[in-house]
Amino acid sequence: MSAKADVVKSLLPALVSDDRSKMEMDDFLTLYKKFQDGNEAIEWDLIQPPSSSVLLDYSSLASKKSDTPLSAVLSRVAVLKLNGGLGTSMGCTGPKSVIELDSNTHQTFLDLTVKQIQHLNKENGSSVPLILMNSFNTHEDTMKLLSQDCYKDAKIQTFNQSRHPRLRQNEDGVWVPYPTAPDAPLDHWTPPGHGDVYSALVNSGILAKLRSEGRDWLFVSNIDNLGATLDTDIAQFAIGSNSEFIIELTEKTFADVKGGTLITYNGKPRLLEVAQVSADHLSEFKSVSKFKVFNTNNLWLNLSAVERLHNDKAFEDIDVIANKKEANGIPVLQLERAAGAFIHKFKNPVGVNVPRSRFLPVKTCNDLLLLKSNVYALTENGFLGMNPARPIKVAPEVRLGSEFKTVKDFSDRVPAIPDMAELNHLTAVGDIRFEENVTLKGTVIIVPAKGSKVTIKKGTTLENQVVRGDGDVVSI
């Protein structure tokens with residue numbers, strides 16, 4: 001152990017308040033050691049595209065899936081949603097899962113998730129559990145929501161992911177824990193990324209509980225990915241396969257060039273992230289011809305394997321991401337791991353190239369506008385899919401300016417969602433407001449001159465037009 005790690009190790013006992021926090025500090029020390037040792041250097045010449053036996057096409061699963069009846073398959077599966085994130089990048093202060101997708105019914109991401117599971121269980125006579133992995137940032141607000149009458153029959157289980165200290169530099173330039181006691185302010189702490197799911201499942205007791213119920217596969221996805229439903233074809237494939245880890249990927253577009261991709265490295269499947277790529281290979285990494293798919297963060301985990309690998313301490317050398325942040329005017333670091341980075345630790349891991357419909361994330365208000373619009377259709381059971389009436393079965397590109405960055409700004413500027421069923425591209429940058437019953441078709445670019453304001457009036461139809469100001473409209 002390095003001298004710096006020794007310094008940090010000596011400070012961690014002061015942050016322990018119970019058995020769970022002791023396990024969390026032990027896990028944190030593992031991350032800190034890896035942070036000090038440095039991540040593995042990727043040798044570009046050793047990278048190969050995944051073979052057809054490693055990257056499977058979704059359409060091929062029907063011929064590979066188990067003969068086990070679906071009811072028996074579902075008795076062995078559980079669903080976990082990663083619910084630890086705040087919507088801070090979209091100007092929200094609470095859990096991202098409470099953002100509304102449907103303004104008329106006020107349905108949130110969480111509402112849709114619950115409806116999807118309830119429908120699955122009703123249709124199949126099953127009892128697939130829904131589990132939320134919260135963080136200390138989202139737990140309290142989530143539990144308040146779940147206490148409402150509308151969730152009383154949902155039978156949702158929850159647990160918290162780990163709470164790790166943020167790091168600050170001491171007078172000797174050593175990165176040391178920012179908190180000095182277990183009850184230090186919340187901004188001294190951080191959730192250590194979705195790669196914490198493996199340790200948190202074990203430390204919380206949830207993994208042991210699921211295994212005692214006969215659940216040996218866990219489908220994990222981000223709660224803001226509204227296309228990540230439990231897919232019965234993948235579940236049946238998982239039950240009958242010898243794989244311990246399945247990762248869903250989808251076709252890369254030019255908007256996804258920074259997404260992690262599946263590769264073969266030294267003969268083993270690995271996930272390659274943009275942060276691991278040197279500057280001289282960056283353009284090659286972003287190529288949609290060489291690296292054709294990217295990670296959706298929809299994962300299928302064999303719980304017996306997770307338990308074995310955790311107990312064997314096989315996860316200790318997984319690469320660490322050091323995210324630079326600021327707290328109270330002080331530069332801090334957050335040590336995190338990505339869940340997909342653990343792939344090579346499992347036996348016979350595979351990727352599945354799934355339809356784009358399984359990747360519908362809401363990371364920005366660009367995504368929110370798109371998914372709230374009639375480009376997509378929302379069923380009464382909480383499923384979101386491309387609107388059958390849309391003539392082109394590809395989503396339009398949407399680029400909103402910083403004036404639309406927060407959910408509040410977006411709601412103020414777009415109080416009624418335009419008809420976008422025939423839209424191909426929208427750019428809206430500047431002081432713009434949309435009134436009701438607006439229709440956008442083809443390519444629409446709205447870029448008012450600096451200092452001017454544009455209001456798209458009630459009943460307006462814009463088709464293949466550039467708008468520079470009220471009355472200044474040019475066809476393209």
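**Stop 1: His425**

Select His425: not counting residues up to four places away in sequence, this residue touches Pro396, Glu397, Arg399, Gly442, Thr443, Val444 and Ile445, where contact means heavy atoms within 4.5 Å. The model is predicted: local features need pLDDT of at least 70 and side-chain atom pairs count only at pLDDT 80 or more, while totals for chains, interfaces and linings use all residues. Residues are numbered from 1 along each chain as its sequence is written, and side-chain values use heavy atoms, with hydrogens and water left out.

Helices (H or I, at least four residues) and strands (E, at least two) are DSSP runs, numbered from the N terminus. Is His425 buried or exposed? His425 counts as buried because its relative accessibility is 15%; buried means under 20% relative accessible area, exposed over 50%, and partly exposed in between (1.4 Å probe, protein chains only).

Now display the side chain of Glu397, which a polar contact of 3.2 Å joins to the side chain of His425. A polar contact is a pair of N or O atoms within 3.5 Å; within protein, one must be able to donate a hydrogen and the other to accept it, and residues adjacent in sequence count only if both atoms are side-chain atoms.

**Stop 2: His310**

Move to helix H10 (residues 303-311) and pick His310 within it. His310 is buried, at a relative accessible area of 17%. Apart from neighbours within four places in sequence, His310 is in contact with Tyr198, Ser199, Val202, Asn203 and Phe315. A C-alpha to C-alpha distance drawn from His310 to Tyr198 gives 7.4 Å, although the two are 112 residues apart in sequence.

**Stop 3: a three-strand sheet**

Next, select the open sheet whose three strands are ordered E1-E14-E15, with antiparallel pairing. Strand E1 (47-48) and strand E15 (268-272) are at the edges; each has a single partner strand, so one side of each lacks a neighbour in the sheet. Strand E14 (residues 261-265) is joined to E15 by five bridges; two strands pair if DSSP finds at least two bridges between them.

**Stop 4: helices H1 and H2**

Finally, select helix H1 (residues 3-11) and helix H2 (residues 19-37), whose axes come within 10 Å. Among the residues making the contact are Val8 of H1 and Tyr32 of H2.

Notes:
Axes are lines fitted to C-alpha atoms, for helices over the stretch in contact, and angles run from 0 to 180 degrees between N-to-C directions.
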